[in-house]
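Student: I would like to learn how to read a few features of a model. Could we take them one at a time?

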Amino acid sequence: MTTVETGKGGTSGTTGNGGTTGNGGTTGNGGRRAGKDGRAVKAGKGGKGGSARVTEEQPGAGRAERLSAFAQRHGALVTLILVALAASIGFDTFATGDNLANMAVSSAFLAVVALGMTFVIITGGIDLSVGSLFALGGVLAAWGSRYGTAVALLLPLAVCGAIGLVNGLLIARARLAPFIVTLAAMLLARGVLLSVTDEGSTTYLVDETSFFARLGQDTLLGIGVPVWITAALFVLGAVVLRRSRFGQYVYAVGGNEDAAALMGAPVARTKIAVYTLSGLCAGLAGALNAAWLVSGVTILGAGLELEAISAVVIGGTLLTGGFGFISGSLVGVLLLKVIQNVINQIGSLDSAYQQVVSGAFLAVVVIAQTWLGRRRRML
């Protein structure tokens, strides 16, 4: 279908089979006039139309755009289902209850970190400190567990949340690069961790009979408590991101920061909030991991920030910001864990192949996202 649009003042175009509008044809405010062949004449404000603009709607363009959007949003989920089905057929132990339960619990800690990372990346930022905050949170939780469950949970949340708050202040108020700020925070958190543990020589243990340990080891309906906690956090995160004003601000800041500021969105406060949230999620994940392992292991968390970023991007969130969703990050985490589990099932492959496969898969996803984004802009 061909559309002719006219602006202010001038001569309108041709409509219908030979139907012609003269100077000052019937065009009110956004008026419309159509000929026999379905062409429309549209004009802006003012009586007479100005220069005409003709646009052609390509057949099938809408379908191609919908397919591109579906691939970008649900491509990771389709891949997860296919890989899980193939693994279930190829390995007898993959689909067993014990293997799936262990995979779910081990995925829960990375998923909590990825939850906070999703908010950060949607704003167009990055947080490299979450791996060190995860390890620091675990050690602080194990140390604090001797004083009760409340201390074991609140101490890592307070310390890691404070570091995230400082990250947000430096990025939003001082306008420093997120990469540099969070890299410095990563080194700072790792230094605090080594200081608390006498350079890693001290490992704090959690009393296995304490309520805090039960948070990591107990099950509910056959599913680990950390999985239930993670599921509740993801539901809450999805509601906040999609249904709250804060979530709208997150998307607005990531889409166009200057436009968001002109709209009246609190850009600085939004950035501070998402980095604080990321720190809180990393600290909570570390605490839950310490409860699961009943100890604060100092060597954990190395490279976890890269896994979290990979999971978020694989789930469909754009690194450039402005687009993403919580459910996609969860699917990205599960896909990474399924791939790692499949490699372990093979047995003959070294664990290093997990990083090779994950890195290759991430590269493919980024290339696909870039291609799909360009294709949707062209349609």
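Student: How many aromatic pairs does the count come to?

Tutor: The count comes to 4 aromatic pairs in this predicted model. A pair of aromatic rings is described by the distance of the centres and the angle of the planes. For Phe119 and Phe246, the ring centres are 6.3 Å apart and the planes meet at 25°, so this pair is stacked. Planes under 30 degrees apart count as stacked.

Student: Which parts of the chain does that pair link?

Tutor: Distant ones: Phe119 belongs to helix H2 and Phe246 to helix H8 (residues 245-255), and 127 residues separate them. Phe119 is buried, at 2% relative accessibility, whereas Phe246 is partly exposed, with a relative accessible area of 26%.

Student: What do the rings of Phe323 and Phe325 look like by centres and planes?

Tutor: Their centres are 5.8 Å apart and their planes are at 85°, so the pair is edge-to-face. The angle that counts as edge-to-face is over 60 degrees. Phe323 is partly exposed at a relative accessible area of 24%, while Phe325 is buried at 4%.

Student: Let us turn to helices. Where is Ser107, and is it buried or exposed?

Tutor: Ser107 sits in helix H2, which covers residues 97-122. Its relative accessible area is 4%, so Ser107 is buried; the cut-off for buried is under 20%.

Student: Which residues is Ser107 in contact with, leaving aside its neighbours within four places in sequence?

Tutor: With those neighbours set aside, Ser107 is in contact with Val333, Leu334 and Lys337. As a general idea, an α-helix has 3.6 residues a turn, so residues three or four places apart point the same way.

Student: What span should helix H3 have, and what distance separates its end C-alpha atoms?

Tutor: Helix H3 (residues 130-144) has 15 residues and, at 1.5 Å a residue, should span 21 Å. The expected span is 1.5 Å times one less than the number of residues. The end C-alpha atoms of H3 are 20 Å apart, which agrees. H3 is also mostly covered, as 14 of its 15 residues are buried.

Student: How do I read the largest pocket, and which residues lie nearest its centre?

Tutor: Take its volume, then its lining. The largest pocket holds about 540 Å³ of space. Its lining has 20 residues, and Glu307, Gln340, Gln354, Gln355 and Ser358 lie nearest the centre.

Student: Which helices supply the lining, and what classes of residue does it have?

Tutor: At least two residues each come from H2, helix H11 (304-314), helix H12 (326-346) and helix H13 (352-378). H13 gives the largest share, with 6 residues. By class, the lining has 12 polar, 6 nonpolar and 2 charged residues.

Student: Last, the backbone. What is the phi of Arg175?

Tutor: Most residues other than glycine have a negative phi. Arg175 is not a glycine, yet its phi is positive, about 60°. Arg175 is in the loop between helix H4 (149-172) and helix H5 (178-196), and at 67% relative accessibility it counts as exposed.

Student: Where is Leu221 found, and is it buried or exposed?

Tutor: Leu221 is in the loop between strand S5 (219-220) and strand S6 (223-224). Leu221 is exposed, with a relative accessible area of 74%. It too is not a glycine and has a positive phi of about 60°.

Methods: Residues numbered from 1 in each chain as written. Predicted model: local features only at pLDDT ≥ 70, side-chain atom pairs only at ≥ 80, totals over all residues. Heavy atoms only, no water. Helix = DSSP H or I, 4+ residues; strand = E, 2+ residues; numbered from the N terminus. Buried < 20%, exposed > 50% of the residue type's maximum accessible area, 1.4 Å probe, protein only. Contact = heavy atoms within 4.5 Å. 1 Å grid on protein atoms, 1.4 Å probe; cavity = no way out; pocket = protein on both sides within 12 Å on 5 of 7 lines; lining within 4 Å. Points joined across faces, edges and corners; volume = space filled by probe spheres on them. Nonpolar A, V, L, I, M, F, W, Y, C, P; charged D, E, K, R; others polar. Phe/Tyr/Trp six-rings, centres within 6.5 Å; stacked < 30°, edge-to-face > 60°.
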